[in-house]
Amino acid sequence: MISPELVKSLKSYNIKKFSSDLSAGIIVGIVALPLAIAFAIASGVAPEQGLYTAIVAGFIISLLGGSKVQIGGPTGAFVVIVYGIIQQYGFAGLAAATMMAGLMLIIMGICRMGILVKYIPYTIITGFTAGIAVTILATQIGDFFGLTTGPVPGDFTGKIAVYVATFKTWNPYATGIALVSLVLIFIWPLFCKKIPGSLVVIIVVTVTAKLCDLPVDTIGSRYGSIPASLPAPQLPAFNLEIIRELFSPALSIAVLAAIESLLSAVVADGMIGAKHDSNMELIAQGAANIVSPLFGGIPATGAIARTATNIKNGGRTPVAGIIHALTLLLIMFFFGRYAVYIPMAALAAVLVSVAWNMAGIPAIKALLRGQKSDIAVLAVTFFLTVFIDLTVAIEVGLVCAAFFFIKKMIDLSTIREMGAVPAKPVHPRSQTDTAETEQTTAYDIPPGTFVFEIEGPLFFGTIQKFEEATARTGIEFKVLILRMQNTIYLDAGGIHVLEQLYESCRKRNVILLISEIHTQPYMLAIKTGLTVKLGNENFFGSLPEALVRSASICGKQ
């Protein structure tokens, strides 16, 4: 049932909760101001468009979302995608792609796909997040050093080439502002954790630069004035060709919005001891990304840092998120005209600090100490994000992760000849069973009987092992027993191999028996008709029963 968290929260709402939500919402709104402007500029759009996004999308995400405390708005994760789309298709193309992504998110939520997004491997998430951090850092080099670059290309190598070519235009005043701002951002929490360092930097540096009349670029000198109200909604142009061209960028936006918003919601759950509705959250994210472009906004998702700020300041219901959006609207209305004095170097410092926090250095160090397959997936995803495209990075990362997983399953699967060897207990229950297992007597395998034990899943990846094991026996036998007590999974490829084995046995007048088959493989064998082909009487719950049947067959023959 579709039910926003706001509806549930209002059933037990009171003045005490409103007081907490009010203070938290106002603080988060103030925190979001410099971030919204900075992310918009880094994405290649006007600064006010970041504010539009934080106000409109932030309001809708809190109104319809499945999390009690999620704060939505523009985030650093979208900088790479948005900048690339703007460079190629302009804002009209971005608006169309964002609305298409919103529709995809709603469909994902309705189809209850929220849980699937959580299964994207951790290595891929770490890799593309670090890649995005590096890309954000690359977008800020020009403003950090005060370079006069002109239009900058969207690709990483193109940006670096432009910076190298224009480094002779370096502005030491801009670099000084950026360095002071960066240091202040990182040391400010040592003195005060309630007020964010980014906000303090914007205020202090802006006032200083204005009073000292420092020769640095500001928002006003580059973008002009900032409107004091939301624009009238406007629908972007849509046609079949635009949908076809923008489908891949839209899919990137949708996947990234889903991943980031649900990760943020999971983090928030851990902080407040609650549980969010992932499908309702996807629907809210979809609605926000459909409406935001109508007002000139860019893609939005759940913002982990702002959500954490909300929680730490007492926000416990979606009302705090709604107040955050209204606070931003009031700030834009009354104080928006002063934002034009903010130095671009100060915003660059804010985004450099965001990139540093996004990079996840501790997580990367931990992964680099792990297995080679995880390192490979991490590296592939990281470098493809930086040098190619986020969509390609996720797709190739998933393929690599799937390949390594299959390889691990193949390595873990073994097909061994049993012969007269000690048998394993069918269902070992604890460590205390070890001694008993070692003392178990060997099974008495009748003459003319050959027993194979399959360890691990029998699927398309282990088929070759199985075929090689059965081919190399070179032994004449009348009954072949497959012991499948450790095979909990079977796929169509495994069924096909068993059918081939049955046909091979039938031509040699060998009877095929199956023992200790688990539920999933057995149900699949029933559905595919394998049990009828082999004969229901040739499936046994234990190896001793199969051996008795084998002795009977061999005795008659």
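A salt bridge is a side-chain nitrogen of Lys or Arg within 4 Å of a carboxyl oxygen of Asp or Glu. The structure in the viewer is a predicted model, and it holds six salt bridges.

**First stop: arginine 222 and aspartate 217**

Select arginine 222 and aspartate 217. Their side chains meet in a salt bridge, with a distance of 3.0 Å from N to O. Are these two residues buried, partly exposed or exposed? Arginine 222 has a relative accessibility of 35% and therefore counts as partly exposed; aspartate 217, at 40%, also counts as partly exposed.

**Second stop: arginine 483 and glutamate 516**

Next, select arginine 483 together with glutamate 516. The two form a salt bridge whose closest N and O atoms are 3.0 Å apart. This pair links distant parts of the chain, 33 residues apart: arginine 483 is in strand E5 (residues 479-486), whereas glutamate 516 is in the loop between strand E6 (511-515) and helix H22 (519-527). Both arginine 483 and glutamate 516 are buried.

Proceed to helix H21 (residues 492-507), which contains glutamate 503 and arginine 506. Their salt bridge brings the closest N and O atoms to 2.7 Å. Because glutamate 503 and arginine 506 are three residues apart in this helix, they are separated by about one helical turn. Glutamate 503 is partly exposed, with a relative accessible area of 28%, and arginine 506 is partly exposed at 45%.

In soluble globular proteins, nonpolar side chains tend to be buried together. To examine such a grouping here, select Phe128, Ile132, Ile219, Leu256 and Leu347, the residues with the most contacts inside the largest nonpolar core, which has 86 residues. Which helix supplies the largest share of this core? Helix H4 (residues 79-110) does, with 14 residues.

Centre the view on isoleucine 219. Leaving aside its neighbours within four places in sequence, isoleucine 219 is in contact with residues including Ile37, Ile41 and Pro47, as well as Gly224 and Ile226. Its other partners include Ala339, Val340, Ile342, Met344 and Leu347.

Finally, select Phe452, Ile454, Ile495 and Tyr502. These are among the residues of another core, of 21 residues, which lies apart from the largest one.

Notes:
Residues numbered from 1 in each chain as written. Predicted model: local features only at pLDDT ≥ 70, side-chain atom pairs only at ≥ 80, totals over all residues. Heavy atoms only, no water. Buried < 20%, exposed > 50% of the residue type's maximum accessible area, 1.4 Å probe, protein only. Helix = DSSP H or I, 4+ residues; strand = E, 2+ residues; numbered from the N terminus. Core = buried A, V, L, I, M, F, W, Y, C linked by side-chain atoms within 4.5 Å. Contact = heavy atoms within 4.5 Å.
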